[in-house]
Amino acid sequence: MESVRLDLESSPGCPGSERFEALVRARTRRAVFVRSGPGARSIEVRMHDGPHPSGSLVLRRGETIEGTRSVSAETCADVAEALALVVTLAIDPEAASELGATDTGVFKVPAAGGQPVQLASGAANDIVVSGGRVFYTGVGSGDGSEGLLSVPVHGGAPTVLVPPDPNYSVETLTVDCVNVYYSTTNGMVAQIPIGGGTPTILAKDAQQAMQIAVDAERVYFMSGTGIASVPIGGGAETLITSSGGIGLAVDANNVYWTSMNDGSVMKMAK
């Protein structure tokens, strides 16, 4: 994982910061977008619409310029796609072999080994299993946005729980025996019944919640402002710590996370 600080300016008609970050996340899971932080790589993106849409980016680490790129295309959306690809490969060079892959989807394989069995087609990212179903974030066609889907562990037609939306992507998810809990790239944390239904919004300004966990009573999420929790079903949000990181887990008494600065494993009472 790599911390990335995005500084994006775009003219009307061009994608904004949330959309640009979603384009990068659709290609690699290594990018963790933050607003500040020591050691974070800085990406400056400028995009201009008009008769001849164009854009440029500058990659920095500290005061050192690592690279620059300028592109032009028929639409500003195409400019954003091209620049997002450059950013992706700068963060995750191995993504070059994955971007053209056609053998993507949700698979299962016996724990003792054997041949993989495909359960669903299409690019998929975050994934959890519960109650005989596989829940996953899946990429929508064309725009790179990710929705929330499920498929039976023994195979069958996927169920769309949260449709892909061009304005945001479902980013991370967790599940209990009743609900699926998920975060989105536009700062929302929500829950939806595992069988489908109407989502319940738990938090609206989570500043790109990057990790999410749940216990018997509360949903915990990590965002740019730290680690917070909110009651299952909705209620007042509680800030647990302003520290941030990458991984997130909970038990009966504590919250655990991995420090973004030095990789230390931290814990704090709920």
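The largest cavity has a volume of about 40 Å³. Here a cavity is a set of points on a 1 Å grid over the protein atoms alone where a 1.4 Å probe fits but cannot get out, and lining residues have an atom within 4 Å of a point; the volume is the space filled by probe spheres set on the points. Among the 10 lining residues, Ala22, Arg25, Glu146, Ser169 and Thr185 are closest to the centre. Helix 1 (17-25) and strand 12 (170-175) are the elements that give two or more residues to this lining.

This model is predicted: local features need pLDDT of at least 70 and side-chain atom pairs pLDDT 80 or more, while totals for chains, interfaces and linings use all residues. Residues are numbered from 1 along each chain, and side-chain values use heavy atoms, without hydrogens and water.

Now for the nonpolar cores, which are sets of buried Ala, Val, Leu, Ile, Met, Phe, Trp, Tyr and Cys residues joined through side-chain atoms within 4.5 Å; buried means under 20% relative accessible area with a 1.4 Å probe, protein chains only.

| Core | Residues | Members include |
|---|---|---|
| Largest | 23 residues | Phe20, Val45, Met47, Leu83 |
| Second, separate | 14 residues | Phe135, Tyr168, Tyr182, Ala190 |

In the largest core, Phe20, Val45, Met47 and Leu83 touch the most other members. Helix 2 (76-91) is among the elements supplying at least two residues, and helix 2 gives the most, with 8 residues. Beyond its neighbours within four places in sequence, Phe20 is in contact (heavy atoms within 4.5 Å) with Leu6, Leu8, Val45, Ala80, Leu83, Ala84 and Val87.

How values were computed
1 Å grid on protein atoms, 1.4 Å probe; cavity = no way out; pocket = protein on both sides within 12 Å on 5 of 7 lines; lining within 4 Å. Helix = DSSP H or I, 4+ residues; strand = E, 2+ residues; numbered from the N terminus. Buried < 20%, exposed > 50% of the residue type's maximum accessible area, 1.4 Å probe, protein only.
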